[in-house]
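Trainee: Could we go through this model together, one question at a time? I would like to see how each answer is reached.

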Amino acid sequence: MTESKPRPLISVQERLRDQVAHALRAALISGELRPGVVYSAPALAADFGVSATPVREAMLDLAREGLVEAVRNKGFRVTEMTERDLDDFTEIRALIEVPTVGRVTRTATAEQLEALRPDAEAIVAAARAHDLIGYLEADRRFHLSLLALAGNTRLVEVVGDLRKRSRLYGLTRLDQRGELVSSAEEHLELLDLMLTGDADAAEACMARHLGHIRSLWAEGREEAAERPALRLGMR
C-alpha cells in the first residue's frame, strides 16, 4: 500500500486573512469603505474582532488588485475613482470586448459557448439571492472565460485588470431595487444570441450591457456617498 502524499497545510492565519479580505471586498461593494478615506489596520481589526496582522495582509492583497493604496504610517486609502476614470475604463472595455464577442460568435463551437451557461446562470442566481460578492465573482468568470475563447491571453489579462480597477461598489440599494437582476439576465441574452451565430446582434448586446454596467456604477456611487458610514463586521 503506497503512502499518500502529505497535503500542504493551510494555516489558521491564512484562512483568517482570506476571510478578512472577503469581508473587506463586501464592504467596498456596499459602500461601507469610502473612496479617499484612510483606514488603519488596528481600527479595522477592532471592528472585525481580530488582530491587526490578518487585516494588514488582506489589505495588501487588495492593494495588489488596485482597490486600495498604502499610506505610509497611517494605513490604507480606498482608491478613488472619478467619472472620467469610469468613462475611460468603459470605453477601453467596449473597444476590446465588443468586437471580441463578435469574433468569438463567428469562431466558437456550440459546445464551447454552452460551457459558459453555468456561470451565466450563476450570475442570475446570485443577483436574485442578493449575493453581491457571488454576483461579481460569477460575472468575472463569465466575461473572462468568454474572452478566453478568442485565444489571446494578453487580452484576457488586460480586461481582468480593467475590471479590478473599475470595480462596482455601492450596489446594495440597486440590488434592493431589483436592477442587478435585469443586468444579470443580459448574460443569458448575450449567450443565446451568440449561439444563434448572429455576431452583429451579440456585439450590440455586449455594448448595451457595458453601458448598463456604467450607469449602475454611477448610480451606486452617488447612493453610497449619501449614506452614513456603517460599522464593519465579520459575517
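Trainee: At roughly what angle do the axes of helix α7 and helix α8 cross?

Mentor: Happy to start there! This is a predicted model, where local features need pLDDT of at least 70, side-chain atom pairs count only at pLDDT 80 or more, and totals for chains, interfaces and linings use all residues. Residues are numbered from 1 along each chain as its sequence is written, and side-chain values use heavy atoms, leaving out hydrogens and water. Axes are lines fitted to C-alpha atoms, for helices over the stretch in contact, with angles from 0 to 180 degrees between N-to-C directions; those of α7 (residues 132–148) and α8 (residues 153–165) come within 9 Å and cross at roughly 155°.

Trainee: Which word describes how α7 and α8 run relative to each other?

Mentor: The classes are roughly parallel under 35 degrees, roughly antiparallel over 145, roughly perpendicular from 65 to 115, and oblique for the rest. The two axes cross at roughly 155°. Therefore α7 and α8 are roughly antiparallel.

Trainee: How many nonpolar, polar and charged residues make the contact of α7 with α8?

Mentor: Contact means heavy atoms within 4.5 Å. On the α7 side are L136, D139, R140, H143, L144, L147 and A148, and they meet L155, V156, V159, G160 and R163 in α8. Ala, Val, Leu, Ile, Met, Phe, Trp, Tyr, Cys and Pro count as nonpolar, Asp, Glu, Lys and Arg as charged, and the others, Gly among them, as polar. The division is 7 nonpolar, 2 polar and 3 charged.

Trainee: What is the angle at which helix α4 and α8 pack?

Mentor: Two packed helices are described by the angle between their axes and the distance between the axes. For α4 (residues 83–107) and α8, the axes are 10 Å apart and the angle is about 145°.

Trainee: Which residues of α8 make the contact with α4?

Mentor: From α4 come F89, I92, R93, I96, E97 and T100. By class, this contact has 7 nonpolar, 1 polar and 4 charged residues. The α8 residues are L155, V158, V159, L162, R163 and R165.

Trainee: Is H143 buried or exposed?

Mentor: H143 is found in helix α7. Leaving aside residues up to four places away in sequence, H143 touches R93, E97, R163, H187, M206 and H209. Buried means under 20% relative accessible area, exposed over 50%, and partly exposed in between, with a 1.4 Å probe and protein chains only. At 2% relative accessibility, H143 counts as buried.

Trainee: What is the relative accessible area of L113?

Mentor: L113 sits in helix α5 (residues 110–114). Not counting residues up to four places away in sequence, L113 touches V104, A108, L149, L191, M194 and L195. L113 is buried, with a relative accessible area of 2%.

Trainee: What is the phi of N73?

Mentor: Most residues other than glycine have a negative phi, and most peptide bonds are trans. N73 is found in the loop between β2 (68–71) and β3 (75–78), and at 76% relative accessibility it counts as exposed. N73 is not a glycine, yet its phi is positive, about 65°.

Trainee: And where is H130?

Mentor: H130 also has a positive phi, near 60°, in a residue other than glycine. With a relative accessible area of 52%, H130 is exposed. Its place is in the loop between α6 (117–128) and α7.

Conventions. Helices (H or I, at least four residues) and strands (E, at least two) are DSSP runs, numbered from the N terminus.
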